[in-house]
Amino acid sequence: MSRWYEHEGKNSDVVLFSRIRLARNLADSPFPNRMSDDIRKSVTKKLYATVKSSEYANEFDLINLADCDTAKAVSYAEKHLASPDLVKKRGYFMLSKNEDISVMLCEEDHIRINAFAAGQNIEEAYSKANDIDDVFLGSLKIAYSDRLGFLTASPINLGTGLKASFVLHLPALRQQNELYKLSSMVGKLGLSLRELYKNGAGDLYILSNQVSLGISEKSAVDNVSTICEQIAQQERDARKTLAQSYDFEDKLYRNFGIMKSARILKTDEFLNCLSLVRLGKSLGYFDVPYSTLGEMLYTLQNATLAADTGKELRDETLDKLRAEIVREKL
């Protein structure tokens, strides 16, 4: 079965993927940070049983992170399927067969639904999340206030409990030093723009709504989508400017050569080279599918690479293996 990240979507030249997160809590149980181990196990079992008794019974597996080795557990965090905190606590989450939906159980909230779609397709991600949300809402007593909306462990998520996000590839805007101004602008609109990886590796950024109280789910999704469209156009305009430089064209081809020939690729170098190859693809220099580049991004980081190949988490071994796989794919 193919994974969701092996496909392309709308505006894939700038938008890698869309994600919807919904936070829900049971009305008759304490928040997870106040739970005893026995209550946590009981609630986890109850939530999983709710899905297993629904029409989606055969679409999800229950993952116990305590049963996973370190590489496999961290791999789930690398793919954004489980939070680093849930991995650290070795908790539970449910995962769909093609990894497009994960439901974290008793993390910060009792239920954290995450749904993904390739490219700028937030409506598809929302539909997936909403279907699973309806299962819980229809079977369980969910904490809800007529005045405040859905009650959550953190006040910032009160209301809809929804966070709509896009992961954007913004290499041209970064080179033009426009990201600080852009981040400040979207902040005034109730959104955030932050680095996906430390120090901006890969030129990838997450655009998300920050407001969930006093606004409908549809309005939140529409607001983020509108700003996403505007940023995508700004990035395309900036790319056209860069493309006029012969030195920049040379830089793209040199990085493509590294990806096709290197025998060692450390993680940051891999991410930064991948960013430039992706940029070259968008400008018509390279004939590499976005789906191939997306698959490499999600499968060739350290923990995922180690988990998928059975290798030890040793940087030198993984750097060599990563370079070998990249050469084969390109």
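**Notes on the model**

1. The lining of the largest cavity draws at least two residues from each of β1, α9 (267–282) and α10 (290–299), where helices (H or I, at least four residues) and strands (E, at least two) are DSSP runs numbered from the N terminus. Among these contributors α10 gives the most, with 6 residues. A cavity is here a set of points on a 1 Å grid over the protein atoms alone where a 1.4 Å probe fits but cannot get out, and a lining residue has an atom within 4 Å of a point.

2. This is a predicted model, in which local features need pLDDT of at least 70 and side-chain atom pairs count only at pLDDT 80 or more, while totals for chains, interfaces and linings use all residues. Residues are numbered from 1 along each chain as its sequence is written, and side-chain values use heavy atoms, with hydrogens and water left out.

3. The structure holds 1 cavity of 30 Å³ or more, and the volume of the largest cavity is about 180 Å³, a volume being the space filled by probe spheres set on grid points that are joined across faces, edges and corners. Of its 20 lining residues, Leu16, Arg278, Leu293, Gly294 and Leu297 lie nearest the centre. By class the lining has 12 nonpolar, 7 polar and 1 charged residues, with Ala, Val, Leu, Ile, Met, Phe, Trp, Tyr, Cys and Pro counted as nonpolar, Asp, Glu, Lys and Arg as charged, and the others, Gly among them, as polar.

4. The largest pocket (a pocket being an open set of points with protein on both sides within 12 Å along at least five of seven lines) has a volume of about 500 Å³. It is lined by 22 residues, with Arg19, Arg21, Ser83, Arg112 and Arg194 nearest its centre, and the lining divides into 9 nonpolar, 6 polar and 7 charged. At least two lining residues come from each of β1 (15–24), β5 (111–118), β8 (162–169) and β10 (204–209).

5. Strand β10 has 6 of its 6 residues buried (under 20% relative accessible area, with a 1.4 Å probe and protein chains only), so it is largely enclosed by the rest of the structure. Leu204, Ile206 and Ser208 are buried on one side, and Tyr205, Leu207 and Asn209 on the other.

6. The structure holds 13 aromatic pairs, meaning rings of Phe, Tyr and Trp (its six-membered ring) whose centres lie within 6.5 Å, with planes under 30 degrees apart counted as stacked, over 60 as edge-to-face and the rest as tilted. One of them, Trp4 with Tyr5, is edge-to-face at 5.7 Å centre to centre and 80 degrees between the planes, and both residues are buried. Ring pairs link Trp4, Tyr5, Phe17, Phe116 and Tyr298 into a cluster.

7. Tyr144 and Phe150 also pair edge-to-face, at 5.0 Å centre to centre and 75 degrees between the planes. The charged end of Arg24 sits over the ring of Phe150, 3.7 Å from its centre, the criterion being NZ of Lys or CZ of Arg within 6 Å of the ring centre and within 35 degrees of the ring normal.

Key: Buried < 20%, exposed > 50% of the residue type's maximum accessible area, 1.4 Å probe, protein only.
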